[in-house]
Amino acid sequence: MSVVKDISAKAKQVQRDYAGDADRPLAGYVGAMGAYGAFVGGLTALGRVVGARLPRRVGAADTVLLGTATFKASRMLAKAAITSPLRAPFTRYEEPAGEDELNESVPAEGHAGHAVGELVSCPFCLDVWIGTGLAAGLVMAPKPTRLAATVLTAVGAADVLHLLYDAAKKLASG
């Protein structure tokens, strides 16, 4: 039992030394990294069960498609008003942030909840999870994954066109 106490004491000391007066949820981040590792391990096990084989290479077209779809999916999950119920248990609404996007804060309470809040409200943080899932889908179920990625890419392109249209209208009337 003293080994567990020693490890716990060392972890708390590392937390204090790292964070100083700031509330940095290192334990929550460790949990998030562990969850990501389990996610990747689960995808790997599933791939073996279904007999999926890694491609020799991923083509440029698939890379662009997955990159664009990852961008749109992570932005939509982390920032869109319509997905705010998914983030609400871990974030607090602050204000609108542009076209159909929200700024949210992450309460400092609880290390696990804080880390989850940072993950679900940060498109950059979600990129690795979504990109990994889409890449695994491309290996295990390429047709439906390409379809989903194409839809996300088309929605992202439509968003750009809406923003350009609105900007052109403002320019024409101003």
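A: Let's start where helix 3 passes helix 7, in a left-handed crossing. Left-handed means the near helix is turned anticlockwise from the far one by less than a right angle, and right-handed means clockwise. Helices are DSSP runs (H or I, at least four residues), strands are E runs of at least two, and both are numbered from the N terminus. Keep in mind that this is a predicted model: local features need pLDDT of at least 70, side-chain atom pairs count only at pLDDT 80 or more, and totals for chains, interfaces and linings use all residues. Residues are numbered from 1 along each chain as its sequence is written, and side-chain values use heavy atoms, with hydrogens and water left out.

The axes of helix 3 and helix 7 are 8 Å apart, and the angle is about 65 degrees. For helices, an axis is a line fitted to the C-alpha atoms of the stretch in contact, and angles run from 0 to 180 degrees between N-to-C directions. Helix 3 and helix 7 are therefore roughly perpendicular. That label covers 65 to 115 degrees, with under 35 counting as roughly parallel, over 145 as roughly antiparallel and the rest as oblique.

Who meets whom here? On the helix 3 side you'll find D62, L65, L66, T68, A69, K72, A73 and M76, and they meet R146, A149, T150, L152, T153, V155, G156 and D159 of helix 7. Contact here means heavy atoms within 4.5 Å. A149 is a handy one to click on: leaving out residues up to four places away in sequence, A149 touches L65, L66 and A69.

Helix 3 has another partner, helix 6, with the axes again 8 Å apart but an angle of about 135 degrees. That makes helix 3 oblique to helix 6, and the crossing of these two is right-handed. Helix 3 brings D62, L66, A69, T70, F71, A73, S74, R75, L77, A78 and K79 to this contact, while helix 6 brings P123, L126, D127, I130, G131, L134, A135 and L138.

Now for the nonpolar part of all this. In general, nonpolar side chains tend to be buried together in soluble globular proteins. In this model the largest nonpolar core has 12 residues: L65, L66, A69, A73, A78, L119, L126, I130, L134, L138, A149 and L152. A nonpolar core is a set of buried Ala, Val, Leu, Ile, Met, Phe, Trp, Tyr and Cys residues joined through side-chain atoms within 4.5 Å. Buried means under 20% relative accessible area, exposed means over 50%, and partly exposed is in between (1.4 Å probe, protein chains only). Helix 3 (60-79), helix 6 and helix 7 (142-173) each give two or more residues to the core, and helix 3 supplies the largest share, five residues.

L119 brings us to helix 5 (residues 111-120), where H114, A115, G117, L119 and V120 are buried. These buried residues pack against helix 2, helix 3, helix 4 (84-87) and helix 6. With helix 6, the axes come within 6 Å and cross at roughly 85 degrees, which makes helix 5 roughly perpendicular to helix 6. At that spot E118, L119 and V120 of helix 5 meet C125, L126 and W129 of helix 6.

The structure holds three aromatic pairs. In one of them, Y36 and F39 have ring centres 6.4 Å apart and planes at 50 degrees, so this pair is tilted. Rings of Phe, Tyr and Trp (its six-membered ring) pair if their centres lie within 6.5 Å, with planes under 30 degrees apart called stacked, over 60 edge-to-face and the rest tilted. Y36 and F39 sit three residues apart in helix 2 (residues 26-49), about one helical turn. Y36 is partly exposed, at 24% relative accessible area, and F39 is too, at 28%. Y36 also pairs with W129 in an edge-to-face arrangement, 5.3 Å centre to centre with 75 degrees between the planes. That pair links distant parts of the chain, since Y36 is in helix 2 and W129 in helix 6 (residues 123-140), 93 residues apart. W129 is partly exposed at 21%, and Y36, F39 and W129 form one aromatic cluster.
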